[in-house]
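Colleague: I am new to reading protein models and would like to learn with an example. Could you take me through one, feature by feature?

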Amino acid sequence: MKNLFDYATSELSQDAFLCWLLENFDCENDTVKKAALALLGEMTELDCSIPGAVTKLKTERQVTEKYPNPDAGKEGEPETIRCVFDIVVTFQYNGEEHALLIEDKIFSSASNKQIKIYPEAFQKNIVGKNHTL
C-alpha cells in the first residue's frame with residue numbers, strides 16, 4: 001500500500017488524502033480498495049465496482065496549464081491565464097481513457113473567470129489528450 005505521507009509533504013491534507021486513496025484503487029487492502037473505487041464511482045457515475053474495470057489510475061497535483069484569456073486586449077489583461085488544477089486523475093475504464101478534475105476551495109472562492117476558464121482549459125489541455133471527461 002502507498003504511504004499517505006508521500007502525498008502530504010506540502011499540499012492541503014484533503015488533496016493528499018484523495019490522491020493516496022484513489023491511487024490505492026488496486027492495493028491488497030480490500031477496505032481501502034473498495035473505498036477508492038466507490039469514491040471514483042461517485043465522482044464519475046461509472047460502475048467502478050466491476051472487477052478489473054478501472055486500470056492505470058494516476059493522480060497529479062497542482063497541474064499547471066496556460067489558457068487564452070477571454071479578456072485579452074482589455075487594459076491590463078494578459079494574453080494567457082495560468083490555470084492550476086488541484087488534482088487531475090487519469091485512468092482507464094474498460095480500456096477507455098478518462099480524466100477527472102478535482103478543484104477544491106477551502107479559504108477562497110472561485111472567481112467568475114475561473115469558473116468559465118477551468119472547465120474549458122481542462123477539456124482542451126487534459127481531456128483533449130485522448131481522455132474522456
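**Reading the model**

Modeller: Let's start with helix α1, whose buried residues are Asp15, Ala16, Leu18, Cys19, Trp20, Leu21, Leu22 and Glu23. "Buried" means under 20% relative accessible area, "exposed" over 50%, and "partly exposed" in between (1.4 Å probe, protein chains only). Helices (H or I, at least four residues) and strands (E, at least two) are DSSP runs, numbered from the N terminus. This is a predicted model, where local features need pLDDT of at least 70 and side-chain atom pairs count only at pLDDT 80 or more, while totals for chains, interfaces and linings use all residues. Residues are numbered from 1 along each chain as its sequence is written, and side-chain values use heavy atoms, leaving out hydrogens and water.

Colleague: How many of the residues of α1 are buried, and what do the buried ones pack against?

Modeller: Eight of the 11 residues in α1 (13-23) are buried, so the helix is mostly covered by the definition above. Its buried residues pack against α2 (30-44), β1 (54-68), β2 (80-93) and β3 (96-102); contact here means heavy atoms within 4.5 Å.

Colleague: Which residues of the largest nonpolar core touch the most other members?

Modeller: The general idea is that in soluble globular proteins, nonpolar side chains tend to be buried together. A nonpolar core is a set of buried Ala, Val, Leu, Ile, Met, Phe, Trp, Tyr and Cys residues joined through side-chain atoms within 4.5 Å. Here the largest core has 21 residues, and Leu40, Val54, Leu57, Val89, Phe91 and Ile102 touch the most other members. At least two residues of this core come from each of α1, α2, β1, β2 and β3, and α1 supplies the largest share, five residues. Another core, of five residues, lies apart from it and includes Tyr67, Cys83, Phe85 and Val88.

Colleague: What does Val89 touch?

Modeller: Leaving aside residues up to four places away in sequence, Val89 touches Leu22, Leu57, Lys58, Thr59, His98, Ala99, Leu100 and Ile102. One of these, His98, is found in strand β3. Why does His98 count as buried? Because its relative accessibility is 9%. The side chains of His98 and Glu96 are joined by a polar contact of 3.4 Å.

Colleague: How do β1, β2 and β3 run, and how many bridges join them?

Modeller: Two strands pair if DSSP finds at least two bridges between them. β1 and β2 run antiparallel, joined by 12 bridges; Lys58 stands opposite Thr90 in β2. Seven bridges join β2 to β3, also antiparallel, with Val88 opposite Leu101 in β3. β2 and β3 form a hairpin with two residues between them, and Asn94 in the turn has a positive phi of about 50 degrees. As for β2, 12 of its 14 residues are buried, leaving it mostly covered.

Colleague: Is Ala38 buried, partly exposed or exposed?

Modeller: Ala38, in helix α2, is partly exposed, because its relative accessible area is 44%. From Leu22 it is 16 residues away in sequence and 9.7 Å away in space, C-alpha to C-alpha.

Methods
Polar contact = N/O pair within 3.5 Å; in protein donor to acceptor, adjacent residues only side chain to side chain.
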